[in-house]
Amino acid sequence: MRAALLAAAAVLLPVPALADALIDNVQGITLDRDGRVVRFKALVMDKDGKVVRLVPVNEEPRKPTKKDPGPRYDWRADMKGKVLLPGFIDAHGHVEQLGFAAMSLDLSDTKSLDEAKARIAAYIAANPDRKWIIGRGWNQEVWGLGRFPTAADLDPISQGHAIWLERADGHAGWANGAAMREAGVTAATPTPAGGRIEKGAGGQPSGVFVDAATQLVDKVLPQPLPKERDAAFLAAQQVLLGYGVTAIADMGTTLDDWLSYRRMADIGALRIRVMSYARGVETASRVGGKGPTPWLYGDRLRMGGVKLYADGALGSRGAWLKAPYADAPGQSGLGFNTDAQLQNQMSRAAMDGFQIAVHAIGDRANQQVLDAIDALSDTYSGDRRWRIEHAQIVAPEDLPRFGRHGIVASMQPVHQTSDRTMAEARLGPQRLAGAYAWKSILATGAKLAFGSDTPVEKPDPWAGWAAAFTRQDADGQPYGGWRPEEALTREQAWWAYTGGAAYAGFAESRFGILAPGQRADFIIVDRDPLNASPTDLRKTVVEQTWIGGEKAWERKQTGQR
């Protein structure tokens, strides 16, 4: 209670005599550390881009006198009554992949195989000099295809090009015949551990490669040049800022990704905050040496964790289940590691002080990660904040285990609205009790952090926020929400996208909310999100994005993101 009173008092401290900047005339809204709504009419910042004070709505202006002329500011910005909110934090995304997706063939909005083929053919016609046609975003479930696409679907439109197209979830790839020839894949090619090669007549590879099997083609792809990686980062940053995202947890940072972030930061082009989780222990060691890097560039970049994988994705039937898939009785998904292998990877990272973030979608994968945390927590004690990424399908008997050892469930609300019909088909109605179970996990005492998994989904926090408290998609379906007992309150969902996401990355002392001492990361929007209907919340327009007290992005024209 005393701590809460002190925190509340800090918000209402008297105006300092020599504050540096005033963001004035706003309808300011934030959450405090206890998840309570705080409203204010102005924000005072210092020269370091940190919040000094939030000016209460009911505070009367002080009359200047000779003895006390009142506060003096280096500059003042009049926001003309607009709504000011803390910037969103995307707790799980893939920054460079988002950028490359924005710069390559995008199939994410195609509704049928024929529409996808037409788009691929048009892209080939517009890029005749490219040996490889690379893209992403296809989803056979959206197409209603009832099967995976094949090389035979692509070959008639290939015109001699090798084609490699990543599935929407990033856990499968679709190749044409030329691509498989370049990769040397034949019927005799062994299936890699943790992967699957889809086969057709006579055992011939049909063109789709799942999880670890994608590496068979990935290894022969042309690698982006450093300048292309930098361009991808800048493209991704613009997209994120346009949605009001001021920080992101980059899950699976490669050494090349890290070098791109450093190059951009060295020239002052890194505006967004990146909490980096290395792709595997080796990358973390090469970047951080004996442990996490310090916060760099004014809290804009840090490698503090390691991203590991326990299984694949539900859509490609790579998620590791305790029982076979309802729509594929011969398959139970792909476990990427034995128990000993996973615990060894986690231990190697933990002994150097790195935070562990493990991808787990299926109920068997979640059980394996929970078992590993149980086994390692006595050895690696203290504030570890073990992260389970996605936690999509959890057996009801395993749900209470999320409340132990300070676990953070890093989840993506829009996956529920995108996946619900597919999840019903994959699992059957009897195994949905622990599916996308946000409220049940929160009730265990675990911490929630929300993100988008971009570019798997758009990095749109407004859509995710609306989904989290309605369990409905953009069309308001299903009526009443899908398994509505797992819906959160509007404020709980907002916290998971702000303070909760900062906590998940050990950043809560630096940014995540608007309070004295926090970085002044905020957005200016066109409506009050606490009073908007779910439909209107999804339509929120971000007009300005500020990071560290500096304007990082401003909408130039209608429709810009």
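Trainee: What makes β7 and β14 a pair?
Mentor: DSSP must find at least two bridges between two strands; 4 bridges join β7 to β14 (residues 245–253), so the two pair, and they run parallel. Strands here are DSSP runs of E with at least two residues, and helices are runs of H or I with at least four, numbered from the N terminus. The model is predicted: local features need pLDDT of at least 70 and side-chain atom pairs 80 or more, while totals for chains, interfaces and linings use all residues. Residues are numbered from 1 along each chain as its sequence is written, and side-chain values use heavy atoms, without hydrogens and water.

Trainee: Why is β7 called an edge strand?
Mentor: In the open sheet the order is β7-β14-β15-β16-β17-β18-β19-β20. β7 (88–93) and β20 (447–450) each pair on one side only.

Trainee: Why is R229 called buried?
Mentor: Buried means under 20% relative accessible area, exposed over 50%, partly exposed in between (1.4 Å probe, protein chains only). R229 has 11%, so the residue counts as buried. R229 is found in helix α8 (residues 226–242). Its contacts (heavy atoms within 4.5 Å) include E96, D256 and D257.

Methods
Lists of a residue's contacts leave out its neighbours within four places in sequence.
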